[in-house]
Amino acid sequence: MESYKSAFSDISLGAATAYINGGATPLAPAAVHNDTIPQLNTATVLCCNCGVPIDGTTGMSMCYDCVRLSVDITDGIQRESSLNFCRNCERFLRPPNQWMAAQLESRELLALCLKRLRGLNKVRLVDASFIWTEPHSRRIKVKLTVQGEAMSNTIIQQSFEVEYVVIATQCPDCAKSFTANTWRATVQIRQKVPHKRTFFYLEQLILKHNAHRDTISIQETKDGLDFFYSQKNHAIKMLDFLASVAPIKTKKSEELISMDTHTSVKSFKFTFSVELIPICKDDLVCLPKKIARSAGNISQLVLCNRVGNAVHLMDPMTLDTIDLQPPTFWRSPFTSLTTAANFSEFMVLDIEPTGVMKGKWALADATIARSADMGRNDNTYYVRTHLGGILHPGDTALGYFLSNVNFNHELWDTLDQDNVPEVILVKKSYPRKKRNKGRNWRLKRMAKEYNEMEDSGSALSAKQKQIEQDRVERDYELFLQELEEDRELRSAINLYKQSNSQTQDRERGPRPSKMEGITEASNTRLQDDDIMETDQDAAAAYTQMEGAEEADNDDGSDAGSLPEVGLDELLDEIDELTLEDGYQEVVQ
């Protein structure tokens, strides 16, 4: 029996030794006691390169450090590569032919850099990060950490750097933007009014919401603007934006450019005609009887106090309002009775509030006199106005003088002339200093090209150019004055701080060569008689108002009542935007 126990102990000890050293004989834990097994040392060998003792049971003849020094798992992976970058649209090329927008050190750019490396699929990527470089160096460095098998049953980890050279390349979309007649869709915006203030406001809305991002060209015409796009979807996106900010009517047309007879693939050019409602802010409107009755028997004679995706009209005698929707207007379109170009100035002699208020408007009975009649006669007018909250005795106001007037308008004949007021006041008139006084704020502008091919054969004379330039500057100045007076109007757009280095004449109005396209080679459909008749009347009215305002300034009266734009409403200049001569030129 004792010999049997001795033999069993020897077998158990041999099995335990074989299991520890990597043998295949299993160990029976129930038959072995820890106090009976002696502590054995692991078998070691010397590294064939440096002589450091290593575990001999792994089957390696070199230590881990020597393996890292002698084996390079990154062999075959590129250490230098290139990225194609379009400077105009700031997009990177993702092969084979897709362009993507990516910021520096972004996840999108890192993914693009990794896809550009050849040989990276042979190893396992553990980590990737950017190494900072100078932005103007046109170099992008990426640090990669990879794992790979160096020998049998041996995995090592290594880190290395890859440098990318940014190569300036022009993408196909930008190349088309510099080439004529490469557009696929165009949006033509028109409004049949004698001024451009609506387009000045629409331009600021487009800039604020970056709705012109996908345009390849912008051209200016006599009655509006043309936006050109490389894809139809971009034009439809522009139409959706216009419908959300302005009352419009659209019409679509298409033209077949080419067709493949074998595959029946056709190429079209799409044109979207957009017409704005010809009613603007502060216009006097005479509603059709049907529309007036459907709006709760509102008075036919109303004022337009705001234009959004609908036209907001108000009765200045009762403060009743109506929102004229575009479908309702286009079923029976009509035009305004008169516009802001026919304003007359009145002096407020006395005013008595009636106590009726609605929003910011307050009804009041006012005694007024024409400023042109002061010192000539004693004619006064007793009128009801919606400006009771802002008018005081001694103030001046602008309005429509309807006494002994006759409009050549079919809706004017439907009115009861006995109930038509003699004067309708529209807004308060503020005494202004001379136009060359600089403002503490400014607006950004879009760069537009003038369409010289539209009206070929009718070249502008020097006198016509001067009249057109004066009209544009006058409209732009009136638009700036409206922004100063109406806080609600300027809250919808972006105003920027005026830098001290900019001169005063840059703020007076748009430059003709950039903004209005009045060049020596430009053409127009306006005839000489139409220009003289339309613009001289408006210029005379504007000059009269401006002369009266400057006379008040010389007297020093109400010098502090001029509305000003607060600094909290102004935005700081954006560093990324490049301004040339005080104007922002946006061409995409």
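Here is a tour that starts with the whole chain and then visits its sheets and a pair of helices.

What you are looking at is a predicted model, in which local features need pLDDT of at least 70 and side-chain atom pairs count only at pLDDT 80 or more, while totals for chains, interfaces and linings use all residues. Residues are numbered from 1 along each chain as its sequence is written, and side-chain values use heavy atoms, with hydrogens and water left out.

Let's begin with the overview. The chain has 12 helices and 28 strands; these are DSSP runs numbered from the N terminus, with helices being H or I of at least four residues and strands being E of at least two. Buried residues make up 44% of the 588 residues, where buried means under 20% relative accessible area, exposed over 50% and partly exposed in between (1.4 Å probe, protein chains only). Among contacts (heavy atoms within 4.5 Å) with a separation of 6 or more, 68% are between residues 24 or more positions apart.

Now to the sheets. Strands of a sheet pair through backbone hydrogen bonds, either parallel or antiparallel; here, two strands pair if DSSP finds at least two bridges between them.

Next, find strand E9 (residues 185-190), where five of the six residues are buried. E9 is joined to E11 (residues 224-229) by six antiparallel bridges, and Thr 186 stands opposite Phe 228. E9 also has six bridges to E13 (residues 266-276), this time parallel, with Ile 189 opposite Val 274.

Another open sheet has five strands in the order E20-E19-E18-E21-E22, with antiparallel pairing. E20 (381-385) and E22 (423-429) each have a single partner strand, so one side of each is left without a neighbour in the sheet. The twist averages 40° from one strand to the next. E18 (residues 344-358) pairs with E19 (residues 361-370) over nine bridges, and Val 348 faces Ile 368 in E19. In the hairpin of these two strands, Gly 359 takes a positive phi near 70°. Ile 368 also stands opposite Tyr 381 in E20.

Finally, turn to two helices. H5 (residues 197-209) and H9 (residues 462-485) pack at about 60°, with their axes 9 Å apart. That angle makes H5 oblique to H9, because angles under 35 degrees count as roughly parallel, over 145 as roughly antiparallel, 65 to 115 as roughly perpendicular and the rest as oblique. The residues in contact include Phe 200 and Tyr 201 of H5 and Leu 478 and Phe 479 of H9.

Terms used
Axes fitted to C-alpha atoms, helices over the stretch in contact; angles between N-to-C directions.
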